[in-house]
Amino acid sequence: MNLTIVQYNAGNIQSVLYALERLGVAATVTDDPALIQASDKVIFPGVGEASTAMAYLKERNLDQIIVALKQPVLGICLGMQLMCKHSAENDTNCLGIFDEQVLAFKATEKTNKVPQMGWNNIKHLRTDLFIGVPENSFAYFVHGYYAGLGTGTIATTNYIQEYSSGLQKNNFYGVQFHPEKSAAVGEQIIQNFLSLKS
Amino acid sequence: MLTKRIIPCLDIKDGRTVKGVNFEQIRDAGDPIELAALYASQGADELVFLDITATVEQRKTLSALVHKIAHHINIPFTVGGGIKTEADVRVLLQNGADKIAINTAAFLDPITINRFAKQFGSQCIVLAIDAKCEADNLWYVYLNGGRTKTDKLVVDWAKEAVDLGVGEILLTSMNHDGTKQGFALDITAQLSENLPVPIIASGGGGTEVHFLEVFTKGKADAALAASVFHYKEIAIPDLKEYLHQSGVAVRI
C-alpha cells in the first residue's frame with residue numbers, strides 16, 4: 001500500500017511516521033500534490049495553530065488538493081480541525097469538509113485546565129475506524145479547541161462539555177486525539193484506517 | 001473523563017537510567033529503553049527522560065536515545081536536561097520527543113519560553129521547577145540541578161512562565177525528592193489551583209497513599225516518580241487499581 005503523510009508547518013508529523021514504522025508500515029512524508037493524489041491513503045496530522053497552518057496549505061494549493069481527494073483520508077488533531085468549516089482559533093476559515101465548527105474550550109471551574117492534556121474516554125463509536133475498539137476506551141488528547149457535535153460525529157468525548165472526538169464524511173475521517181500516542185487503542189485505530197477500502 | 005496521569009521518570013546519565021537521593025548519590029537503575037517499554041506496557045500514561053549529564057558531547061547520545069525510544073514506545077514522552085536553544089528543541093522533537101522540559105536556561109532568559117512556545121506550540125513546552133522550602137516557610141526556585149539557590153519564589157516564577165507560554169509545569173520538591181515520605185502537597189495545590197496549565201507533582205512518592213494524596217489534596221494533574229518504579233517497590237498496574245478503587249479517575 002502506498003501511504004502518504006501530508007507535510008506542512010505543524011508539528012508531530014515524525015511521531016505519526018514512527019507509529020506507522022512500529023506497525024511495520026512505510027509512509028512518505030510529502031507536500032507534493034502529485035504524490036498525495038496518487039497514494040492509496042492519506043494521513044493529515046498536525047499540532048499547531050489553525051490560521052498559520054491554513055495559510056501554509058493555501059500557499060501551496062494543498063487546500064484544494066485535500067478537499068478533492070477520493071481515497072481514505074485521516075485527519076489527526078489540528079488536521080481534523082482544519083477539515084472542519086471554521087475554527088474560532090484566530091477566526092480561521094478551514095477546509096469545510098466537515099460541517100462542524102471548531103470552538104475554544106472555556107474553563108468553567110478552577111480545575112479545568114486548557115488545553116486538555118492527557119487520557120480521556122472515547123464513546124458513541126461509529127464506523128469501521130473503530131472496529132474492535134471498546135466503548136470508553138482511552139485515547140491521548142492535547143488540544144485547546146474542539147469540534148462541536150453534529151451529523152459527522154463518529155466518536156464523542158467529555159471535557160467541560162461533550163464534543164466530537166471523531167468525525168467522518170464520505171472518505172474523510174478525523175480524530176481529535178493522537179492515535180499515534182494512544183498505546184494499543186491507537187494502534188488498533190491506525191490499523192483500521194489502513195484496512196479501510198479505497 | 002480526563003484522567004490523572006502516572007509518569008515514571010528516567011534520569012539519564014551516559015545513556016543509563018540512574019537515580020539519586022535529594023539530587024545526590026547517583027545509583028544505576030538500568031537500561032532506559034528496556035525500562036521505558038516495560039512502563040508503557042504496564043500502563044504508564046507518559047514518560048519523562050531527564051538527561052542529567054547534558055554536556056555538549058552527551059547531547060548527541062541523547063538525541064540518538066530519543067530516536068530509539070520513539071521507535072519503541074507508543075505513549076507520549078518528554079525530554080529535558082540542558083536545553084537552551086531552538087536547535088536543541090528541534091532536534092529532540094524531530095527525533096520523536098512529544099514535549100521538551102526546560103529549566104535553568106528558561107529562568108536565566110525567560111523570553112526563551114516565549115520563543116519556544118511561538119515556534120513549537122505551548123503544548124510541547126514543559127517548565128521544570130526545582131523547588132525548595134526554606135526556613136522562612138517559602139518555596140524558592142533552584143537552578144542547575146538543585147545546586148544554585150535563587151531569590152525567586154516558585155509561585156511567582158510559575159505564573160510568569162505560564163504568561164510567557166509554557167503549557168505544563170513539572171514541580172519537583174527538593175525537600176521531598178528521594179525521601180519516599182510523600183509529595184509536597186501544599187505548593188502543588190497552590191500552583192494547580194491558581195494556574196490554567198496542568199501541574200505534574202514530583203518528589204517524595206513512596207507509597208500508593210502518597211499518590212492518592214497528591215491527586216486529592218495536592219490537586220495535581222499528574223504524578224511523577226522514579227525510584228519506586230525502578231526498584232519495583234510500586235507496580236504501576238497495582239497503583240492504578242488502588243487509585244481507581246479510591247475514586248480517582250485513571251486510565252486502566
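Me: Which elements of chain B do the buried residues of α10(B) pack against?
Reply: Packing is judged by contacts, where two residues touch if their C-beta atoms, placed from the backbone, lie within 7 Å. Helices (H or I, at least four residues) and strands (E, at least two) are DSSP runs, numbered from the N terminus. On that basis, the partners of the buried residues of α10(B) are β1 (5-13), α1 (32-42), α8 (208-216) and α9 (227-230) of chain B.

Me: What pLDDT do local features need in this predicted model?
Reply: Residues are numbered from 1 along each chain as its sequence is written, while chains are lettered from A and ligands numbered from 1 in the order in which they are written. The model is predicted: totals for chains, interfaces and linings use all residues, side-chain atom pairs count only at pLDDT 80 or more, and local features need pLDDT of at least 70.

Me: Which residues of α10(B) are buried?
Reply: A residue is buried if 20 or more other C-beta atoms lie within 10 Å of its own, exposed if 12 or fewer, and partly exposed in between, with C-beta atoms placed from the backbone. Helix α10 of chain B covers residues 236-245. Its buried residues are Ile236(B), Leu239(B), Lys240(B) and Leu243(B).

Me: Within what arc do the buried residues of α10(B) fall?
Reply: The arc is that of the directions from the helix axis to the C-beta atoms. On the other side of α10(B), Pro237(B), Asp238(B) and Gln245(B) are exposed. The buried residues line one face of the helix, because seen down the axis their arc is 95 degrees.

Me: Which residue just after α10(B) takes a positive phi?
Reply: Most residues other than glycine have a negative phi, and most peptide bonds are trans. Just after α10(B), a positive phi of about 90 degrees belongs to Gly247(B).

Me: Is Asn137(B) buried or exposed?
Reply: Asn137(B) sits in the loop between β7 (125-133) and β8 (139-143) of chain B. Its phi is positive, about 70 degrees, although it is not a glycine. With 7 other C-beta atoms within 10 Å, Asn137(B) is exposed.

Me: What is the radius of gyration of chain B?
Reply: Chain B has 10 helices and 12 strands. The radius of gyration is taken over C-alpha atoms; the globule rule is 2.2 Å times the number of residues to the power 0.38. For 252 residues the rule gives 18 Å, and chain B comes close to it, so it is as compact as a globular protein of that length, at 17 Å.

Me: What percentage of the residues of chain A is buried?
Reply: Chain A has 6 helices and 13 strands. Its radius of gyration of 15 Å is close to the 16 Å of the globule rule for 198 residues, so chain A is as compact as a globular protein of that length. Of those 198 residues, the buried share is 51%.

Me: Which residue in the hairpin of β11(A) and β12(A) takes a positive phi?
Reply: Two strands pair if DSSP finds at least two bridges between them. β11 (residues 153-159) and β12 (residues 161-169) of chain A pair in the antiparallel sense over 6 bridges, with Thr157(A) opposite Tyr163(A). The hairpin has 1 residue between the strands, and the positive phi, near 65 degrees, is that of Ile160(A).

Me: What is the bridge partner of Lys169(A) in β13(A)?
Reply: β12(A) also pairs with β13 (residues 172-175) of chain A, antiparallel, over 4 bridges. Their hairpin has 2 residues between the strands, and Asn170(A) in the turn has a positive phi of about 50 degrees. In β13(A), the partner of Lys169(A) is Phe172(A).

Me: Which residues does the cis peptide bond of chain A join?
Reply: Pro115(A) is in the loop between β7 (101-104) and β8 (116-122) of chain A. Omega of the cis bond is about 5 degrees, and the residues joined are Val114(A) and Pro115(A).

Me: How many residues of chain B are in contact with chain A?
Reply: α2 (56-72) and α3 (86-94) of chain B each supply at least two residues of the side that touches chain A. On chain A, 30 residues take part. On chain B, the number is 27.
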